[in-house]
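Visitor: I'd like to learn how to read a model like this one. Could you walk me through it?

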Amino acid sequence: VTVTPTPTLDDGAGYDPDSKRWSILPPAPIAGRALHIGVWTGKEMLIWGGGGDDTDYTPMNDGAAYDPATRQWRLLARSPLPTGPRYAGAWTGEQLVVVGISGNDVHAAGYDPSADTWQLLDTAGIDLPAGIPALDVHWTGSRVVAVTTLPLGSGPTAAIFDPSTEEWWTSKPPGFGSRSAGTATLNGLVYLVSYSQFTDGTIALDPVVDSWSNRTSLGDLSC
């Protein structure tokens with residue numbers, strides 16, 4: 001079977017809900033990519049990382065910001081993070097916090113768009129299992145939480161970052177095995193929803209007190 005590669009594209013469009021019209025964005029100053037981080041700061045859309053060429057996913061560690069008010073792009077300052085890990089990130093209201101894992105090494109940095117500067121973050125407090133395929137990163141309103149996605153038989157692990165102290169720590173294990181976990185943030189909590197033929201349910205992490213809620217079976221939820 002011959003698989004035709006799907007190219008990554010560098011075009012885009014913006015939608016105005018008031019006029020209900022689309023407009024083509026000006027050309028971006030960075031190459032097309034997939035699986036990148038994209039956040040809205042209240043003024044700009046920040047695009048960073050990801051990879052190009054779906055055939056082998058060539059990782060990238062550059063990025064750009066788009067201002068819809070001026071319809072202009074600008075390049076982000078070069079990141080000090082190594083190229084290679086598949087990064088995830090979240091906007092805290094002041095900075096974009098980016099986290100990635102490569103082997104046994106965890107890399108993290110914060111980007112300040114007002115100064116166009118990066119700062120490496122001390123990851124000594126993060127203890128995540130090696131070989132993690134992906135991370136979900138959320139901002140709860142007071143903490144950044146990086147949650148692992150693990151294979152069947154292993155429970156999720158969360159690393160918590162407090163921007164006021166610039167410290168990371170690893171959350172207590174929740175005792176919740178999963179094959180796949182979807183995550184979301186609501187009212188300062190990070191929710192995990194898991195499903196498989198072996199285990200399913202939902203739990204929530206309060207990152208301020210580092211406490212997990214009791215598991216609720218999906219069969220007990222009314223939809």
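Visitor: How many nonpolar, polar and charged residues are in the lining of the largest pocket?

Guide: First, some ground rules. This is a predicted model, where local features need pLDDT of at least 70, side-chain atom pairs count only at pLDDT 80 or more, and totals for chains, interfaces and linings use all residues. Residues are numbered from 1 along each chain as its sequence is written, and side-chain values use heavy atoms, with hydrogens and water left out.

Now the idea: rolling a probe the size of a water molecule over the atoms shows where empty space is left. On a 1 Å grid over the protein atoms alone, a pocket is an open set of points with protein on both sides within 12 Å along at least five of seven lines, a cavity is a set where a 1.4 Å probe fits but cannot get out, and lining residues have an atom within 4 Å of a point.

Here, the lining of the largest pocket has nine nonpolar, three polar and three charged residues. Ala, Val, Leu, Ile, Met, Phe, Trp, Tyr, Cys and Pro count as nonpolar, Asp, Glu, Lys and Arg as charged, and the others, Gly among them, as polar. Leu9, Asp10, Asp11, Ala28 and Trp73 lie nearest the centre of this pocket.

Visitor: What is the volume of the largest cavity, and which residues line it?

Guide: A volume is the space filled by probe spheres set on the grid points, which are joined across faces, edges and corners. The largest cavity comes to about 40 Å³. Its lining is Trp48, Gly49, Gly50, Tyr57, Met60, Pro85, Arg86 and Tyr87.

Visitor: Which residues touch the most other members of the largest nonpolar core?

Guide: In soluble globular proteins, nonpolar side chains tend to be buried together. A nonpolar core is a set of buried Ala, Val, Leu, Ile, Met, Phe, Trp, Tyr and Cys residues joined through side-chain atoms within 4.5 Å. Buried means under 20% relative accessible area, exposed over 50%, partly exposed in between (1.4 Å probe, protein chains only).

In the largest core, with 18 residues, look at Val97, Val99, Leu135, Val137 and Trp168. Strand E10 gives the largest share, three residues. A second, separate core of 14 residues includes Trp48, Tyr87, Leu96 and Val98.

Visitor: Is Arg21 buried or exposed?

Guide: Arg21 is exposed, at 62% relative accessible area. Arg21 is found in strand E2.

Definitions and conventions: Helix = DSSP H or I, 4+ residues; strand = E, 2+ residues; numbered from the N terminus.
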